[in-house]
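Colleague: I would like to learn how to read a helical model. Please take the features one at a time.

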Amino acid sequence: MTHQELDFIFPFFVLGYGVLMTYVLHNKYLMEIAEKRFPQPLVQQMNGHRTLGLICLVVGSLWTLQNVWH
């Protein structure tokens, strides 16, 4: 795998992480399930990644659009 291929693929992973974390952390039903089944430290850690998920969503979207545009 070359650097060009990694440079093209990596923004999709960033976007995917942002989409997944933002969806899960803003879905009340999924968070209720997480609070029931996961240990409390894990739920707090997930909530701590809320900002990171939003940043990855925005940056990954722009970065992916840039790669697709070129």
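The dialogue below goes from the overall fold to single residues.

Modeller: This is a predicted model, in which local features need pLDDT of at least 70, side-chain atom pairs count only at pLDDT 80 or more, and totals for chains, interfaces and linings use all residues. Residues are numbered from 1 along each chain as its sequence is written, and side-chain values use heavy atoms, with hydrogens and water left out.

Colleague: How many helices and strands does the protein chain have?

Modeller: Helices (H or I, at least four residues) and strands (E, at least two) are DSSP runs, numbered from the N terminus. The protein chain has four helices and zero strands.

Colleague: What radius of gyration does the protein chain have, against a compact globule of 70 residues?

Modeller: The radius is taken over C-alpha atoms, and the globule rule is 2.2 Å times the number of residues to the power 0.38. A compact globule of 70 residues would be near 11 Å, whereas the protein chain has 15 Å. Its C-alpha trace spans about 45 × 20 × 15 Å along the principal axes.

Colleague: How do I read the packing of H2 and H3?

Modeller: Two packed helices are described by the angle between their axes and the distance between the axes. Axes are lines fitted to C-alpha atoms, for helices over the stretch in contact, and angles run from 0 to 180 degrees between N-to-C directions. Here the axes of H2 (residues 28-37) and H3 (residues 40-48) cross at roughly 145° and come within 8 Å. In contact terms (heavy atoms within 4.5 Å), Met31, Ala34 and Glu35 of H2 meet Val43, Met46 and Asn47 of H3.

Colleague: Which residues form the largest nonpolar core?

Modeller: In soluble globular proteins, nonpolar side chains tend to be buried together. A nonpolar core is a set of buried Ala, Val, Leu, Ile, Met, Phe, Trp, Tyr and Cys residues joined through side-chain atoms within 4.5 Å. Buried means under 20% relative accessible area, exposed over 50%, partly exposed in between (1.4 Å probe, protein chains only). The largest core here has five residues: Met21, Leu25, Met31, Val43 and Met46.

Colleague: Is threonine 22 buried or exposed?

Modeller: Threonine 22, in helix H1, counts as buried because its relative accessibility is 16%. A polar atom of its side chain lies 2.7 Å from the backbone oxygen of glycine 18. Leaving out residues up to four places away in sequence, threonine 22 touches Gly53, Leu54 and Leu57.

Notes:
A polar contact is a pair of N or O atoms within 3.5 Å; within protein, one must be able to donate a hydrogen and the other to accept it, and residues adjacent in sequence count only if both atoms are side-chain atoms.
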